[in-house]
Amino acid sequence: MAGSRVPRQLFLQGVAAVFMFAFASLYMQIPGLYGAEGILPARRTLRPQGKGRWQQLWETPTLLWEAPRLGLDTAQGLELLNLLGTLLALGALLLRQLRHLLTYLLLWAAYLSAYQVGQVFLYFQWDSLLLETGFLAMLVAPLRQCPHHKQAPQGGLAGALPHEGLPFWLVRWLLFRLMFASGVVKLTSRCPAWWGLTALTYHYETQCLPTPASWFAHHLPVWLHKLSVVATFLIEIAVPPLFFAPVRRLRLAAFYSQVLLQVLIIITGNYNFFNLLTLVLTTSLLDDEHLAAKSGNSHCRKTPTSWPKALLAMLSLLLELTIYGLLAYGTVHYFGLEVDWEQHTVRSRTTFTFHQFSQWLKMVTLPTMWLGVASLTWELLTALWRWTQVRGWLRKLCAAVQLSIFGTATVALFMISLVPYSYVEPSTHGRLWTGAHRLFGTVEHLQLANSYGLFRRMTGLGGRPEVVLEGSYDGHHWTEIEFMYKPGNVSRPPSVVVPHQPRLDWQMWFAALGPHTHSPWFTSLVLRLLQGKEPVIRLLQNDVTKYPFHKQPPTYLRAQRYKYWFSQPGEQGQWWRRQWVEEFFPAVSLGDPTLDMLLRQFGLQDKSPPRPHGSSSPLAQALHWIRKQLSHLEAPIVLWGLLITLGAIRVIQALLGPRSPRSSPPAREEKHRPASKKDLGAAGKQAAPAPDNNSSGSQTLRRKK
């Protein structure tokens, strides 16, 4: 049975990288989003209710309750948490010694603290996914780091503790829930674009922040778009059960299909760290053997296998081919695939009904839970068997304690996760054990398990709705206000901002889908722009001189709703076409009764000015200095700068690190050739000057001396 030591290290490094991107991205936006002059000041969310300290912390779990003790307000405490989180995650990427339980506990606690005050700008599914993944990383991370050359004395997998595979199994279960639910909700939503297989003919131009590659993907043939939707359903619904397949080649095939999907999404859309995080989760499908962790055995000749092993290999191959055949047959049958040789196209259509799919979902949802139970049971039995191989009563006792703790935690988290997973099928949700519901309700606010369902409905079928802000000094001549990343100017190409998430730009996309009253924060945005607050202006244009009202705030502000479409290939110098639809937000000015009424209605009025008690503390001054140094840089530049710095340090570490002797490969090859007496004699004469890596060999030389 192949081990998972290398995949676990890849997972821990990947989680650290995503945390680094998430913290750094959020840090760059804190003043405009959550500062005292921001759109939704964070200080409004943390108000003591006269409860005890620990009860208050449990109900609203955030470290920002302690910010006043450091002489900081809530926004400054949030900045400190994000800076420390960025540095800690960077350290975990560079130093293996920092990839332990305490590090990931601190990263998870810091992001959960930010989540509690993030309000609407932090309520994305990938934020919840990062919190759940971060908590699992805390369990996957070792309690202590062992030297590379040491191996545990137990049998089975060299160097593997009995409990190590259990928390890592939860990562695979999380990946299954994420992908399977994301595929299912596309059909349970009854979205005509998904059912008609035409979703991708709209997706590339209607997604939140397209990339330049989205324009080219949008103009691909319709039949290829429909075939891509079929492939999406195959990868998200049919393939995820293979995550638990007993044949490793099936798991590897599932791994590469998920990687292909995520890479294509990264190329054609700016989804911040979400797809990177999903790729990190796919490491749970890998093993040491596939990653060449046992490369030392790669040059050995294959020895003849016994007939039971040969029979098992043949049965595995037959099972693999059968599953591939069933997937191919099901895809052709249920999506009516036909090759049109004359047109050189592949026709596709959905051949099943919503009722049939609902019945199928009722039939398979509970069995997928039992599939998880069976797979987890196998992992528990495997861990128990490894424990029986531990030598020494003290080591066996320690291993038993660790196995009990991590085994109980794994089972508890699995039970908790069943509740949000069952949301995909309502009747199954009601049939769950009541104890699972109570356990989930107890820890729900900690974001330990969440429900997922991405791209549930396709929006913008008649054109991409887009809100355009306009300002004026006299109420007659209006000037459009450009955002850095979201579509606006039809001649400006789409941006590439991954792994940064401009959270205001994302919320502007959601705001355009309905009336402005469905997005109360938009009224606060209008107020801050009328007041000329620089932190908010920097969310729109980091270079303030590009903001049309940087010298003097506009007297009036309004918003229009347009519909945008990608330009046609023949149109030169334009990426978009647009058409005015309606007024989104009425023209208002400071003191306008309409604006004041909306502020009161949404509870956005500043009833009490922010207290400046933290501005004079040394820590606050240090935070202000750091902010001043970084304020002129765009967030994507900062994030890519971190990535380049990380790469440079890695290269330096590789160059300065210890190197193996050049003679080691030939020595490894000669290891399997019996030595002659003449060779042994020559080796004895030349033993002293040539040091050897093998510890036993060096001990023999010392004894000879």
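**Note on the predicted model: rings, charges and surface**

1. The charged end of Arg558 is placed over the ring of Trp478, 4.1 Å from the ring's centre. A second contact of this kind involves Lys396, which lies over the face of Trp387 at 5.1 Å from the ring centre. These and all later remarks concern a predicted model.

2. On the overall architecture, the protein chain contains 27 helices and 6 strands. Of its 705 residues, 49% are buried. The accessible surface amounts to about 35100 Å², and carbon and sulfur atoms account for 62% of that area. Where contacts in the protein chain join residues at least 6 apart in sequence, 76% of them connect residues at least 24 apart.

3. Trp173 and Phe176 provide one example, a stacked pair with 5.4 Å from centre to centre and 20° between the planes. The angle qualifies as stacked because the planes are under 30 degrees apart. Both residues belong to helix H7 (residues 165-188), and since they are 3 residues apart there, about one helical turn separates Trp173 from Phe176. Trp173 and Phe176 are both buried.

4. Ring pairs also build a cluster. Its members are Trp194, Trp195, Phe233, Tyr334, Phe335, Phe352, Phe354, Phe357 and Trp360.

5. Glu79 and Arg627 are both buried.

6. Is each partner of the salt bridge between Asp340 and Arg347 buried or partly exposed? The side chains meet at 2.6 Å, N to O. Asp340 has a relative accessibility of 9% and therefore counts as buried. Arg347, by contrast, has 48% relative accessibility, so Arg347 counts as partly exposed.

7. A further salt bridge is formed by the side chains of Arg492 and Glu482, at 3.2 Å from N to O. Arg492 and Glu482 both lie in the loop between strand S4 (479-481) and helix H19 (503-511), so the pair ties together parts that are 10 residues apart in sequence. Arg492 counts as partly exposed because its relative accessibility is 23%. Glu482 is likewise partly exposed, with 22% relative accessibility. Elsewhere, salt bridges with shared partners join Arg5, Arg8 and Glu164 into one network.

8. Finally, which residues make the nonpolar surface patch of about 830 Å²? The patch consists of Trp307, Leu311, Met314, Leu315, Leu317, Leu318, Leu321 and Tyr324. Among them, Trp307 is located in helix H14 (residues 307-334). Trp307 is classed as exposed because its relative accessible area is 68%, and the cut-off for that class is over 50%.

Methods
Residues are numbered from 1 along each chain as its sequence is written. This is a predicted model: local features need pLDDT of at least 70, side-chain atom pairs count only at pLDDT 80 or more; totals for chains, interfaces and linings use all residues. Side-chain values use heavy atoms; hydrogens and water are left out. Patches are made of residues with over 30% relative accessible area and no salt bridge: like charges are joined within 9 Å, nonpolar side chains (Val, Leu, Ile, Met, Phe, Trp, Tyr) within 5 Å. Accessible areas come from the Shrake-Rupley method with a 1.4 Å probe; for residues, only the protein chains shown count as cover. A salt bridge is a side-chain nitrogen of Lys or Arg within 4 Å of a carboxyl oxygen of Asp or Glu. Helices (H or I, at least four residues) and strands (E, at least two) are DSSP runs, numbered from the N terminus. Buried means under 20% relative accessible area, exposed over 50%, partly exposed in between (1.4 Å probe, protein chains only). Rings of Phe, Tyr and Trp (its six-membered ring) pair if their centres lie within 6.5 Å; planes under 30 degrees apart count as stacked, over 60 as edge-to-face and the rest as tilted. A charge sits over a ring if NZ of Lys or CZ of Arg is within 6 Å of the ring centre and within 35 degrees of the ring normal. Contact means heavy atoms within 4.5 Å.
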